[in-house]
Amino acid sequence: MQNKVNRLVVLGAGWLGHALCVNAQQAGWKVQGTHRSNTREFDFERQFKLEGNQLIHQVDLDNAFWVCAIPPRSRHSESNYPETLTAALALSKKLNAKGFLLCSSTGVYDQEPGVYSESSDIACANPRQTKLYQAEEQVLEQNGKVLRLAGLLGPNREPGKFVAGKELNTSSQQVVNMVHQQDVINAIFAVIAHWQVGQNIYNIVNPEHPTKADYYALKCKQNGGEMPKFTSDEKAERKVIGSAIEALDFTYQYGI
């Protein structure tokens with residue numbers, strides 16, 4: 001994070017975006033992070049919402065990098081995500097943004113077994129894939145960049161608690177594609193620091209890919225929860241590779 005860039009707008013200051021704002025502030029950056037509400041618990045919070053075709057916002061930070069950290073599956077994204085992204089891109093341009101980075105998801109790749117990298121074809125075989133891909137294209141067309149994030153874990157988001165005692169519609173032998181919140185934040189700063197030389201798209205996925213059976217057995221044991229059940233034990237390895245970003249002096253430092 002030691003570079004000349006010192007302004008950041010974070011669209012969607014939720015679980016990931018809030019932590020990103022705090023990290024940036026602690027590094028001496030000027031930060032604005034958005035919510036749909038007009039309340040402020042932290043000094044960096046600003047309102048940003050669409051009402052019909054009208055954008056209501058308090059964002060005024062010019063010459064900043066923008067990071068869209070709205071979760072692709074949030075209620076917000078299910079309603080007017082494309083329109084919100086369009087409005088954000090337009091405002092970022094008006095405020096002379098230095099770059100626009102979209103936090104997408106590895107869910108954009110096919111669910112079929114295989115090994116997936118940034119160069120893999122996107123089939124858009126289901127509505128979620130299509131929505132993710134269209135959002136990515138929207139940003140890339142404006143010379144932005146995309147991070148495809150694996151399943152997220154970190155503070156107050158422990159995988160063992162989410163799956164304990166549940167039946168998961170997947171194979172016990174499927175591998176996990178996960179990444180820690182702080183590695184994502186560090187990856188965002190790495191991309192910003194190398195904006196002119198980096199790729200347009202990066203997968204952010206921890207290099208460890210244990211089977212779901214092994215992974216959740218460990219996590220449930222750590223949290224005292226009941227092991228989940230799986231709908232099959234068929235070998236079905238869907239692995240997303242996140243090593244390309246390591247070319248930007250980035251390393252995964254947090255275990256999954």
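Me: What does Y216 touch, not counting residues up to four places away in sequence?
Reply: Y216 touches P159, V163, L168, M227, P228 and F230, where a contact means heavy atoms within 4.5 Å. Before we go on, this is a predicted model, so local features need pLDDT of at least 70 and side-chain atom pairs count only at pLDDT 80 or more, while totals for chains, interfaces and linings use all residues. Residues are numbered from 1 along each chain as its sequence is written, and side-chain values use heavy atoms, with hydrogens and water left out.

Me: What makes Y216 count as buried?
Reply: Buried means under 20% relative accessible area, exposed means over 50%, and partly exposed is in between (1.4 Å probe, protein chains only). Y216 has 11% relative accessibility, so it counts as buried.

Me: Where is Y216 found, and how far is its C-alpha atom from that of N200?
Reply: Y216 is found in helix α6.

Me: What counts as a helix or a strand here, and how many does the protein have?
Reply: Both are DSSP runs numbered from the N terminus: H or I with at least four residues for helices, E with at least two for strands. On that basis the protein has six helices and 14 strands.

Me: What share of the contacts with a separation of 6 or more comes from residues 24 or more positions apart?
Reply: Those residues account for 76% of such contacts in the protein.

Me: How do you know that the length of helix α3 agrees with its number of residues?
Reply: The expected span is 1.5 Å times one less than the number of residues. Helix α3 (residues 127-140) has 14 residues and should span 20 Å; its end C-alpha atoms are 20 Å apart, so the two agree. Among the residues buried in α3 are L132, A135, E136 and V139.

Me: What caps the N-terminal end of α3?
Reply: N126 does, with a side-chain oxygen 3.1 Å from the backbone nitrogen of R128. A polar contact is a pair of N or O atoms within 3.5 Å; within protein, one must be able to donate a hydrogen and the other to accept it, and residues adjacent in sequence count only if both atoms are side-chain atoms.

Me: What makes a nonpolar core, and which residues have the most contacts inside the largest one?
Reply: A nonpolar core is a set of buried Ala, Val, Leu, Ile, Met, Phe, Trp, Tyr and Cys residues joined through side-chain atoms within 4.5 Å. The largest has 42 residues, and L8, I188, I204 and I245 have the most contacts inside it. Elements that each supply at least two of its residues include β1 (7-11), α1 (15-26) and α5 (181-193). Helix α5 gives the most, with eight residues. A second, separate core of 23 residues includes F48, L89, V139 and I201.

Me: Why is N206 called buried, and what does its side chain reach?
Reply: N206 has 3% relative accessibility, so it counts as buried. Its side chain reaches the backbone nitrogen of E208 at 2.8 Å. N206 lies in the loop between β12 and α6 (212-223).

Me: What makes N63 count as partly exposed?
Reply: N63 has 38% relative accessibility, so it lands in the partly exposed range. Phi of N63 is near 55°, a positive value in a residue other than glycine. Its place is the loop between β4 (54-57) and β5.
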